[in-house]
Amino acid sequence: MEHQRNEAVHYWIRAIILLCFLCFIVYLVKTGTLMYYIAPRMKIYIQLAAVGLFLLSGTQAYLAMQTARKRSAMCDCQCGPPKSIKSNVGIYSLFIFPLLLGFLLPNTIMASNVASIKGMNLTPVRLDAELPKDVPSVAPEEMDSSDSEQHIPMEREAFPEHEHLEEFAEFGKKINELSSVTVSDIGFMEYLTTFSLYADVLTGKKVELTGFVYREPDMAANQFILSRLAVQCCSADATPYGIIVEDAAAATLQKDTWVRVTGTVGKTSYNDLDVVKVDGELIQTVDAPETPYVYPYVDNFNNLLE
C-alpha cells in the first residue's frame, strides 16, 4: 500500500514537470519570444514536441490515478524510483532547475554579449575572388575590335564564377545594376558575402542596412560594427557577423542600439585584414525587429531583389 502511494506521487511529479515544460512552450509562442531561441524552420518541431509533452503528461497523470486506486498492475521487478529522498531530489532537479531559469529569467535578444564572447566575424575582402590567373586583364581602351573576341567579357571578368559561387556571381551582377540596395533581414548574410567577394566592383554602391551597434575596444572613434547574429538551428549556435561603418556620429551610439545605416560600400583595413566597410551618410535609431536574428537563405538569390 505504501509502495503504491509512493509510485502515485512520482507519477504526479512527472506529470506536473512535463506540463510545466508544455506551458513554457505555449508561453513563448504566445508572447512571440520563441524566435529568441530557435530558427523559424524549427518551430514546427517545437510544436510537435508540445503535443508529445501533453500526451506524456496525460499518461503520467493516468498512471498516478490508476496506481492510487490499486488498479495498476504492479510488478515485482523492483524497477521503481530510488527510495532515497536525496536521489529523487537530485534527479528531479535536473528538470526543475532549467524550468525555473526559463520562467524567472527575462527573455532578451542576444547581441553584444554574444559577440564579445564568440568574437565578431567581419566581412573580409576575398582576394581569391580576383580574376583567375589565366584570364588576361586588359583595360577597355587597350582593346580593339580584333581583341574583343579573344577576351572574356568585362562583366564576366568583374564577377568571376568560381566553383560553387555561381549564384553569388549572378547575384553580384544584379546588385551592380541597381542604383541602391536595401539589405533586408532575409538574405542578410548572402548580401554581405557578395559584397565581400566582389568588393572592387561594388565599391561606391549605395546601401541601406539594419543591425545593432557593436564596438571593439581598439576601434577608431568614427567606427563601429553594424552587427547581426546568424542562427542555423537555435540560439546555442548563434554566430555574430557584421560590417564596419565609418561615420562622424559613431562615437555617440551606445552598444546594442539598433540602427538603420544608409551609406556607400567601400574597403578599409582593420587588424591587418582588408575588410568591407560602409561610409555612413545617414544613421537612424530604430526598434529591434520582431525577428532579430538572420538565417541562411536557401531559395533562389534572385528572389531577394524582388
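Threonine 268 is found in strand β5, strands here being DSSP runs of E at least two residues long and helices runs of H or I of at least four, both numbered from the N terminus. This is a predicted model, so local features need pLDDT of at least 70 and side-chain atom pairs count only at pLDDT 80 or more, while totals for chains, interfaces and linings use all residues. Residues are numbered from 1 along each chain as its sequence is written, and side-chain values use heavy atoms, with hydrogens and water left out.

Back to the threonine. With a relative accessible area of 17%, threonine 268 is buried; the cut-offs are under 20% for buried and over 50% for exposed, with partly exposed in between (1.4 Å probe, protein chains only). Leaving aside residues up to four places away in sequence, threonine 268 touches Ile244, Glu246, Leu273, Asp274, Val275 and Lys277, where a contact means heavy atoms within 4.5 Å.

Zooming out, the protein has 9 helices and 6 strands. Of its 306 residues, 41% are buried. Take the contacts between residues at least 6 apart in sequence, and 71% of them join residues at least 24 apart. The accessible surface comes to about 17600 Å², and carbon and sulfur atoms account for 57% of that; the areas come from the Shrake-Rupley method with a 1.4 Å probe, and for residues only the protein chains shown count as cover.

Next, the nonpolar cores. The largest nonpolar core has 37 residues, and Tyr191, Phe195, Leu209, Phe224 and Leu226 touch the most other members. A core of this kind is a set of buried Ala, Val, Leu, Ile, Met, Phe, Trp, Tyr and Cys residues joined through side-chain atoms within 4.5 Å. At least two residues of this core come from each of α7 (166–177), α8 (188–197), α9 (199–202), β2 (206–214), β3 (223–230), β4 (239–246), β5 (258–270) and β6 (273–285). Helix α8 puts in the largest share, 6 residues. As for phenylalanine 195, its contacts are Ile175, Val183, Leu202, Val207, Val265 and Val276, not counting residues up to four places away in sequence. There is also a second, separate core of 31 residues, with Ile38, Ala115, Tyr214 and Tyr295 among its members.

Helix α2 runs over residues 43–68, and its 26 residues should span 38 Å at 1.5 Å a residue; the end C-alpha atoms are 38 Å apart, which agrees. The expected span is 1.5 Å times one less than the number of residues. Buried positions in α2 are Ala50, Leu53, Ser57, Gln60, Ala61, Ala64, Gln66 and Thr67. An α-helix has 3.6 residues a turn, so residues three or four places apart point the same way. Alanine 68 also sits in α2, but at 54% relative accessibility it counts as exposed. Alanine 68 and valine 9 are 59 residues apart in sequence, yet their C-alpha atoms are 8.9 Å apart in space.

Then come the aromatics. The structure holds 7 aromatic pairs. Rings of Phe, Tyr and Trp (its six-membered ring) pair if their centres lie within 6.5 Å, and planes under 30 degrees apart are called stacked, over 60 edge-to-face and the rest tilted. Phenylalanine 24 and phenylalanine 103 have ring centres 5.2 Å apart and planes at 65°, so this pair is edge-to-face. The pair links distant parts of the chain, 79 residues apart: phenylalanine 24 is in helix α1 (residues 2–31) and phenylalanine 103 in helix α3 (residues 85–104). Phenylalanine 24 is buried at 17% relative accessible area, whereas phenylalanine 103 is partly exposed at 42%.

Phenylalanine 171 and phenylalanine 301 make another edge-to-face pair, at 5.6 Å centre to centre and 70° between the planes. Phenylalanine 171 lies in helix α7 and phenylalanine 301 in the segment after β6, so the pair ties together parts 130 residues apart in sequence. Phenylalanine 171 is buried at 0% relative accessibility, and phenylalanine 301 is buried at 5%. Both belong to one aromatic cluster formed by Phe168, Phe171, Tyr191, Tyr297 and Phe301.

Last, the cysteines. The structure holds 0 disulfides, a disulfide being a pair of cysteine sulfur atoms within 2.5 Å. For cysteine 23, the closest cysteine sulfur is in cysteine 20, 6.1 Å away and too far for a bond. Cysteine 233 has its closest cysteine sulfur in cysteine 234, and at 4.6 Å that is too far for a bond. Cysteine 23 is partly exposed at 40% relative accessible area, and cysteine 233 is partly exposed at 28%.
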